[in-house]
Amino acid sequence: MTKRISLTQYLVEQQRQHGHIPAQLRLLIEVVARACKRISISVNKGALGDVLGTAGSENVQGEVQKKLDIIANEVLIEANEWGGALAAMASEEMEGIYVVPNRYPQGEYLLLFDPLDGSSNIDVNVSIGTIFSVLKKPDGHEGVSESDFLQAGKQQVAAGYCVYGPQTTLVLTVGDGVAMFTLDREQGSWVLTQDGVQIPEDTKEFAINMSNMRHWAPPMKRYIDECLAGKSGPRGKDFNMRWIASMVADVHRILTRGGVFMYPWDQREPDKAGKLRLMYEANPMSFLIEQAGGAATNTQQRMLDVTPDKLHQRVSVVLGSKNEVDRVTAYHQAGG
Ligand code: P6P
């Protein structure tokens with residue numbers, strides 16, 4: 001049974017025992033967690049809060065913005081800009097970086113986030129979430145620019161997400177395993193409900209949007225065909241499928257019971273490496289998955305080794321139970 005301690009106590013103990021979390025990083029994580037609490041209040045209002053539906057605008061990705069996308073983005077910016085831990089922020093909802101205004105002290109960290117992932121699920125009351133990633137600003141120069149953000153995922157010092165579902169749960173790593181905190185709404189506090197999260201190396205459950213099957217590259221078709229062939233096929237076992245169309249919810253299931261999540265390249269938009277974004281979706285989720293004993297690749301190499309060249313670049317994603325991720329990646333590396 002996990003000792004029921006608060007997020008603050010967990011972070012202080014991490015700092016004492018492992019020296020993993022300098023005070024500024026601890027403050028940053030607590031502020032992000034507090035912002036997620038505020039976002040969950042808006043999300044939970046639903047139709048009662050005039051927060052559903054579209055905002056009548058598009059984001060840098062050319063996607064229609066939901067009202068809650070903008071609300072969540074504003075909450076994260078306002079909560080984090082004054083604390084002194086950050087030099088700048090980057091968001092799926094903003095084209096350029098947000099440099100901390102001169103009226104506030106500049107810190108040494110960079111915060112990236114998808115403020116509300118899975119927003120196509122908002123209006124149909126399906127779990128959505130906030131994803132965040134923390135990098136250190138490179139030393140040796142004054143100021144901050146977009147190029148400071150372009151670091152491989154293995155440089156992350158912290159990452160996590162908050163899933164707004166039947167429970168509101170914050171999932172966090174600072175490089176020393178994965179911990180889960182459930183929001184106690186009566187106290188208004190995050191309570192440690194699982195520590196040392198581990199993903200089984202094998203699984204019988206895959207997550208992919210099957211409607212895109214005719215557009216996939218041969219290696220992905222081969223992997224899924226073999227899963228669908230079940231016990232009498234080359235895998236010798238039956239598989240189950242889940243697809244929530246909310247990465248946070250699918251990844252939370254995988255961290256909780258194993259599985260493999262895939263959003264591969266497909267020929268609908270051949271110039272795009274995939275649908276999901278590297279810096280604030282694939283990298284933070286891959287850091288969590290690896291810290292929980294899983295694996296994550298872009299179908300060719302370890303996700304956390306990918307060197308970004310654009311802030312909003314997209315990537316193919318395969319992550320979850322190690323042996324399945326290795327198999328999918330091996331098929332792609334062999335060309336099918
Ligand atoms: P599709 C949500 O829009 C998202 O970015 C991820 O959260 C999710 O995994 C994926 O896109 C769903 O994409 O094409 O199945 O709607």
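The legends below describe close-up views of a predicted model.

View 1. In soluble globular proteins, nonpolar side chains tend to be buried together.

**View 2. Surroundings of Leu28.** Leaving aside residues up to four places away in sequence, Leu28 is in contact with Asn80, Ala85, Leu86, Tyr109, Leu111 and Val134.

**View 3. The hairpin of β9 and β10.** Strand β9 covers residues 178–184 and strand β10 residues 189–194; the two pair in the antiparallel sense over 5 bridges. Asp184 has Ser189 in β10 as its bridge partner. Between the two strands lie 4 residues, and in this turn Gly188 has a positive phi of about 75 degrees.

**View 4. An open sheet of 5 strands.** The strand order is β12-β11-β13-β17-β15, and the pairing is mixed. Strands β12 (240–241) and β15 (295–297) form the edges, each pairing on one side only. Within the sheet, β13 (residues 260–263) and β17 (residues 317–320) run antiparallel and are joined by 4 bridges. Val260 stands opposite Gly320 in β17.

**View 5. Helices α5 and α6 on the sheet.** Helix α5, residues 247–257, lies across β11 (205–207), β13 and β17. The angle between α5 and β17 is about 35 degrees. Helix α6, residues 278–291, also packs on the sheet, where it touches β15 and β17. The direction of α6 makes about 25 degrees with that of β17.

**View 6. Asn125, a residue with positive phi in a loop.** Asn125 is not a glycine, yet its phi is positive, at about 60 degrees. The loop that holds Asn125 runs between β5 (109–117) and β6 (128–136). Asn125 counts as exposed because its relative accessibility is 73%, and the cut-off for exposed is over 50%.

**View 7. Thr299, a buried residue with positive phi.** Thr299, also a residue other than glycine, has a positive phi near 80 degrees. Thr299 sits in the loop between β15 and β16 (314–315). With a relative accessible area of 7%, Thr299 is buried, since buried means under 20%.

Terms used: Residues are numbered from 1 along each chain as its sequence is written. This is a predicted model: local features need pLDDT of at least 70, side-chain atom pairs count only at pLDDT 80 or more; totals for chains, interfaces and linings use all residues. Side-chain values use heavy atoms; hydrogens and water are left out. Contact means heavy atoms within 4.5 Å. Two strands pair if DSSP finds at least two bridges between them. Axes are lines fitted to C-alpha atoms, for helices over the stretch in contact, and angles run from 0 to 180 degrees between N-to-C directions. Buried means under 20% relative accessible area, exposed over 50%, partly exposed in between (1.4 Å probe, protein chains only).
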